[in-house]
Amino acid sequence: GDNPTGTLYAVYHYLETICHCGLFEDGERIPRLDLLPVPKSTIVEVPRFKNRMYRLWPALALKKNQCMYWNKADWEREFDWFAKKKLNMLWGWMCREDLPYGAVFDIAFPEIGPPPVETPYSSGHPMGWSWPLDYRRQMARSVMTYARSLGIRHIYFVEYGYLPGRFKDAHPELTYVQPYGPEEEKAFVFLDPRDPRSGEVYKRFVETVNSVYGTDHLYQFEPY
C-alpha cells in the first residue's frame, strides 16, 4: 500500500492467507510452522469497496455480544480485529447520554446541567449507564484516537432534534414533538424541525461533538 494502513493490511493478509492463521473476532488460531512460507508470486489486491463498515450495537446484553459495557482494552482489542479483517469504518450513536460513547449535551448546553443521578426509564428498561460521564468521554476519545491510528474512520449517527428531557425544562420557549409517552419524555424529547431555531440548537450540539471527539467528517442524520 501507499500508507501505513495498507502495509498493516498486507501483513495480516499474509498471515491469514499464506500462513493460515485464523483471525477471529473472539480470538485467534496460530498454527505451528517450522518455516515462514514465501509466496511464489507477487500478490496484489484492490478492495472492491473503499468503505467497509462494521456496526457495533450497544444493547443491554452480555458483554461478549454487546459493546455497552466495554472498557478501553475491550475496544482496542475489537479495533485490532477491524484492522485484521480490513474494516475501516465504525458507526457510532452520538446523541444518547446512556451509551458508552459519552454524550456532550451538558457541554453544548451548560444551562441544562449534568444528567440526573436517578436513572430514567423508557419502555421498562433503564436509560442510563453505570460509568461516570467524564470517564466515558475520556475513554471514547482515547479509543477513537487508537482506531484512527489503524485507518478506521467514524460515522457520527445523530437523531435530528433528540435532546435530554431536562433540555425542555431549560428551554420551554422552543417547540417540541413527542412521539412517545410521558415516561419517555422524562428521558428525552425531540425538537420540532419546523421551529426555525432548531437548526441552530443542533448545529451547536454537533460542533461540540466534533470539538470533544474530533471528526472524520462523516455523519448520518436521521429524522425521528
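Predicted model: local features only at pLDDT ≥ 70, side-chain atom pairs only at ≥ 80, totals over all residues.
Q: Within what arc do the buried residues of α4 fall?
A: The buried set is L133, R136, R137, M139, A140, V143, M144 and A147. Seen down the axis of α4, they line one face of the helix, because they fall within an arc of 165°.

Q: Which residues are exposed on the other side of α4?
A: Residues such as L133 and A147 are among the buried ones of α4, so set those aside, as they line one face. On the other side, the exposed residues are D134, Q138, T145 and S149.

Q: What do the buried residues of α4 pack against?
A: The buried residues of α4 include M139, A140 and V143. Their packing partners take in a strand, β7 (153-159), as well as helices.

Q: Is T208 buried or exposed?
A: T208 is found in helix α7, residues 198-213. Leaving aside neighbours within four places in sequence, T208 is in contact with V104, I107 and A108. Its relative accessibility is 8%, and the cut-off is under 20%, so T208 counts as buried.

Q: How many disulfides does the structure hold?
A: Take C19 and C21, which both count as buried, C19 at 3% relative accessibility and C21 at 10%. The closest cysteine sulfur to that of C19 is in C21, 5.4 Å away, and this is too far for a bond. Seen from C21, the closest is C19, again at 5.4 Å. The structure's count of disulfides is 0.

Q: Where in the protein is confidence lowest?
A: The protein averages a pLDDT of 86, and 88% of the residues score at least 70. Strand β1 (residues 22-24) has the highest mean, at 95. The lowest mean is 58, in strand β5 (residues 121-122).

Q: Among contacts between residues at least 6 apart in sequence, what percentage join residues at least 24 apart?
A: The protein has 7 helices and 11 strands, and 45% of its 224 residues count as buried. For contacts between residues at least 6 apart, the share joining residues at least 24 apart is 70%.

Definitions and conventions
Residues numbered from 1 in each chain as written. Heavy atoms only, no water. pLDDT = per-residue confidence, 0-100. Helix = DSSP H or I, 4+ residues; strand = E, 2+ residues; numbered from the N terminus. Buried < 20%, exposed > 50% of the residue type's maximum accessible area, 1.4 Å probe, protein only. Contact = heavy atoms within 4.5 Å. Arc of directions from axis to C-beta. Disulfide = S-S within 2.5 Å.
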